[in-house]
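Reader: I'm new to this one and would rather get to know a single part well than skim the whole thing. Please pick one stretch of the chain and walk me through it closely, along with whatever surrounds it.

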Amino acid sequence: METAQVMNTQTMRPPVADVAGVPRYDAVYRVLHWSMAGIFITAVVLGFWASLLPSGTSPRRELLVVHKSLGAMVFVLALMRLTYRLTHAPPAYPAVFSRLIRVASSVNHWVLYALMLAMPITGYVNSAAGGAPLQWFWLFDMPRLLTKNVELAHLSKQMHAALAWAVYLVLAAHVGATIWHSAIKRDGTLARMTGRGGPAR
Ligand code: HEM
Ligand code: HEM
């Protein structure tokens with residue numbers, strides 16, 4: 001199906017880039033998205049793996065050093081992404097997207113932005129208030145902004161683990177929707193974020 005070129009209705013600006021009829025995310029969006037995707041997914045896998053291992057043992061200790069270091073990078077990248085998102089409108093949705101798909105996609109994206117901040121914050125509070133190591137890789141110690149507080153450490157640990165379930169669900173919906181749009185509907189959704197290729201025309 002032909003996708004129409006449309007103006008962004010919120011800003012009345014033309015799409016950021018437009019190849020093969022699909023409005024694309026610009027290069028800054030794409031670099032931030034894919035570096036975040038790699039770091040975030042690796043952090044999730046290492047955190048889940050570490051949670052299966054007994055406290056104080058190897059390789060849990062080492063996995064958590066890398067997990068926490070990647071988590072800190074997610075936090076910094078998330079602040080950069082949010083700043084860019086709030087100052088640069090994303091490309092308009094393709095005209096073929098129904099209202100339901102637009103709303104579902106937008107909710108999914110904002111929940112992901114919230115999780116990119118909430119996961120590092122709850123993880124950091126857990127380790128900082130729990131007196132656990134806070135080293136950035138094997139290079140230096142990250143600042144410890146909290147004094148020891150067993151209750152706070154316990155609460156933030158529960159929040160981190162509960163929010164992890166939200167991450168699994170929302171990320172599965174995000175990647176699942178991309179596969180559905182790109183492989184089945186063939187509407188060029190993945191191409192919006194890769195900047196390459198396009199829909200079957
Ligand atoms: C293999 C993994 C991933 C794939 C295939 C993927 C794919 C995509 C695609 C195709 C879009 C554009 C959606 C559109 O057309 O509107 C997008 C947007 C987005 N993705 Fe991903 N993504 C992945 C991983 C992630 C991860 C790990 C995160 C964050 C934790 C994330 C956060 C976002 C956000 C927030 C947007 C919306 C950007 C905006 O409009 O502000 N993605 N993703
Ligand atoms: C993007 C950021 C982060 C993501 C996506 C993330 C994700 C996860 C996940 C999925 C788990 C397994 C949850 C479970 O079932 O218990 C976990 C565990 C853990 N995370 Fe994170 N995390 C992030 C950042 C951080 C940070 C910044 C820290 C600390 C500075 C941290 C500390 C921990 C610790 C200590 C555990 C092990 C919990 C336990 O089993 O005792 N995380 N994380």
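What follows is a close look at one helix, its neighbours and the ligands beside it.

Author: Let's take helix H4. Before that, a word on what you're looking at: this is a predicted model, where local features need pLDDT of at least 70 and side-chain atom pairs count only at pLDDT 80 or more, while totals for chains, interfaces and linings use all residues. Residues are numbered from 1 along each chain as its sequence is written, and chains are lettered from A and ligands numbered from 1 in the order in which they are written.

The chain holds five helices and four strands; here helices (H or I, at least four residues) and strands (E, at least two) are DSSP runs, numbered from the N terminus. Read from that end, the order is β-β-α-α-α-β-β-α-α.

On to H4 itself, which covers 150–185. That is 36 residues, with 51 Å between the first C-alpha and the last, close to the 52 Å expected at 1.5 Å a residue. The expected span is 1.5 Å times one less than the number of residues in the helix.

Which parts of H4 are tucked away? The buried ones are Ser156, His160, Val167 and His181. Buried means that 20 or more other C-beta atoms lie within 10 Å of a residue's own; 12 or fewer makes it exposed, and anything in between partly exposed, with C-beta atoms placed from the backbone. Over the whole chain of 201 residues, 21% are buried. The four in H4 pack against H1, H3 and helix H5 (189–194).

Setting aside neighbours within four places in sequence, Val167 touches Val44, Leu115 and Met119. A contact like that means two C-beta atoms, placed from the backbone, within 7 Å of each other. Leu115 sits 52 residues away from Val167 in sequence, yet their C-alpha atoms are 7.0 Å apart. Across the chain, 67% of the contacts with a separation of 6 or more join residues 24 or more positions apart.

Val167 also belongs to the largest nonpolar core, which has eight residues, with Phe40, Ala43, Leu46, Leu70, Val74, Ala78 and Met119 as the others. A core of this kind is a set of buried Ala, Val, Leu, Ile, Met, Phe, Trp, Tyr and Cys residues joined through C-beta atoms within 7 Å. H1 and H2 each supply at least two of its members.

H1 deserves a moment too, as one of the helices H4 packs against. It has 25 residues and reaches 36 Å from end to end by C-alpha atoms, close to the 36 Å expected. Tyr29, Phe40, Ala43, Leu46 and Gly47 are its buried residues, and they pack against H2, H3 and H4.

Ligand 2 has 24 residues around it, and Gly47, Ser51, Gly71, Gly123 and Ala164 come nearest. A residue is taken as near a molecule if its C-beta atom, placed from the backbone, lies within 6 Å of it. H1 gives the most, with seven. The shell splits into 15 nonpolar residues, eight polar and one charged. In this scheme Ala, Val, Leu, Ile, Met, Phe, Trp, Tyr, Cys and Pro are nonpolar, Asp, Glu, Lys and Arg are charged, and the others, Gly among them, are polar.

Around ligand 1 there are 20 residues, and Ala37, Pro90, His109, Arg192 and Met193 come nearest.

Arg186 follows the helix and lies in the loop between H4 and H5. Its phi is positive, about 50°, although it is not a glycine. Arg186 counts as partly exposed because 13 C-beta neighbours fall inside 10 Å.
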